[in-house]
Amino acid sequence: GPEDLRLTLDALVGHPNTAPFIARQLIQRLVTDNPSPAYVYRVSQQFGTTGNLGAMVRAILTDYEARSPVVAAAPGYGKLREPLLRLTGILRSFSAAPFSGHYSVYFNNPEGNLAQAALRAPSVFNFFEPGYVYPGPLAAAGLVVPELQITNDTTAISTANFFRDTIFRSAGTGANAPNITQLTLTVEQALVADMPAFLDYLNLVMCAGHMSDATRTRIATALAALATNTSAFEAARTAILLTATSPEGSTQR
């Protein structure tokens with residue numbers, strides 16, 4: 001048995017399709033849904049005879065196509081960020097923590113809202129297929145969009161609502177109140193008074209420098225329309241929500 005397993009694994013690792021297959025899916029998860037054949041080839045060359053995944057990941061993240069602004073600006077480059085990763089990005093970017101140190105059951109299973117929950121993929125094949133094609137212009141352009149397989153008319157709204165609930169949660173009252181997770185916005189509150197600097201900050205933290213002028217204008221206009229007695233804390237939370245649900249906050253390029 002053990003010898004048969006070793007021979008089978010060696011045969012799979014040595015098969016010429018294995019390295020490109022793994023390379024493409026790793027690139028999809030880390031950088032872009034539609035990598036060029038040359039990108040896949042360069043990464044697959046790092047697979048070696050033992051399946052060196054560490055070398056492959058290093059090659060993916062240091063490759064020209066992962067780091068060039070020229071490549072990133074090309075149509076079809078990048079990927080829709082998975083809802084669960086967008087959520088964890090918000091929590092990490094703004095040092096979210098519960099007052100008690102114990103996280104609320106609120107995050108135990110967000111699957112109903114995000115169509116995803118940690119360690120709860122419906123099968124060993126993940127939440128979506130790597131070759132999923134969304135009908136319409138993207139399909140006509142020959143592009144795959146795996147993450148859109150769990151995006152529909154329901155999750156498009158429920159995901160944004162879940163982000164809003166997460167961003168605007170406060171300590172409140174009740175037995176579970178100390179466990180409620182709240183964003184730490186000390187820096188952000190101080191920046192609200194300087195709108196250009198605040199938008200630059202959100203652009204860097206949440207959009208990797210890709211926030212468009214149109215999105216900046218929408219956020220600035222929305223904040224200017226808030227009631228005059230709106231606190232800096234509430235204004236900061238509003239801006240974070242608008243950024244999180246913007247095109248640039250929802251995608252990775």
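Helices (H or I, at least four residues) and strands (E, at least two) are DSSP runs, numbered from the N terminus.

A word on the model before we go on. It is a predicted model, in which local features need pLDDT of at least 70 and side-chain atom pairs count only at pLDDT 80 or more, while totals for chains, interfaces and linings use all residues. Residues are numbered from 1 along each chain as its sequence is written, and side-chain values use heavy atoms, with hydrogens and water left out.

Stay on α10 and colour its buried residues: T155, S158, T159, F162, F163, T166 and I167. Buried means under 20% relative accessible area, exposed over 50%, and partly exposed in between (1.4 Å probe, protein chains only). Now show what covers these residues, including α7, α8, β3 (181–182) and α14.

**Zoom out**

Show the whole protein, with its 15 helices and four strands. The C-alpha trace spans about 70 × 45 × 35 Å along its principal axes. Of the 253 residues, 37% count as buried.

**The nonpolar cores**

Next, select L87, F94, L183, L202 and I240. In the largest nonpolar core, which has 30 residues, these five touch the most other members. A nonpolar core is a set of buried Ala, Val, Leu, Ile, Met, Phe, Trp, Tyr and Cys residues joined through side-chain atoms within 4.5 Å. Two or more residues of this core come from each of α7 (83–93), α10 (155–167), α12 (195–207), α13 (213–224) and α14 (232–244). Which element gives the most to this core? That is α14, with seven residues.

Click on L183 and look for its contacts (heavy atoms within 4.5 Å). Leaving aside neighbours within four places in sequence, L183 touches I90, L91, F94, A96, I167, F233 and I240. Apart from this core lies another, of 14 residues, with V43, M56, A59 and A72 among them.

Is S44 buried or exposed? S44 is buried, with a relative accessible area of 9%. Beyond its neighbours within four places in sequence, S44 is in contact with A19, P20, A23 and M56.

**The pockets**

Now for the open spaces. On a 1 Å grid over the protein atoms alone, a pocket is an open set of points where a 1.4 Å probe fits, with protein on both sides within 12 Å along at least five of seven lines; lining residues have an atom within 4 Å of a point.

Select R81, A208, T251, Q252 and R253, the closest to the centre of the largest pocket among its 33 lining residues. The largest share of this lining, seven residues, comes from α7. By type, the lining divides into 15 nonpolar, eight polar and ten charged residues. Here Ala, Val, Leu, Ile, Met, Phe, Trp, Tyr, Cys and Pro count as nonpolar, Asp, Glu, Lys and Arg as charged, and the others, Gly among them, as polar.

**Last stop**

Finish at G136, in the loop between α8 (111–114) and α9 (137–140). G136 is partly exposed, with a relative accessible area of 36%. Draw a line from G136 to L241: their C-alpha atoms are separated by 29 Å, and the two residues are 105 apart along the chain.
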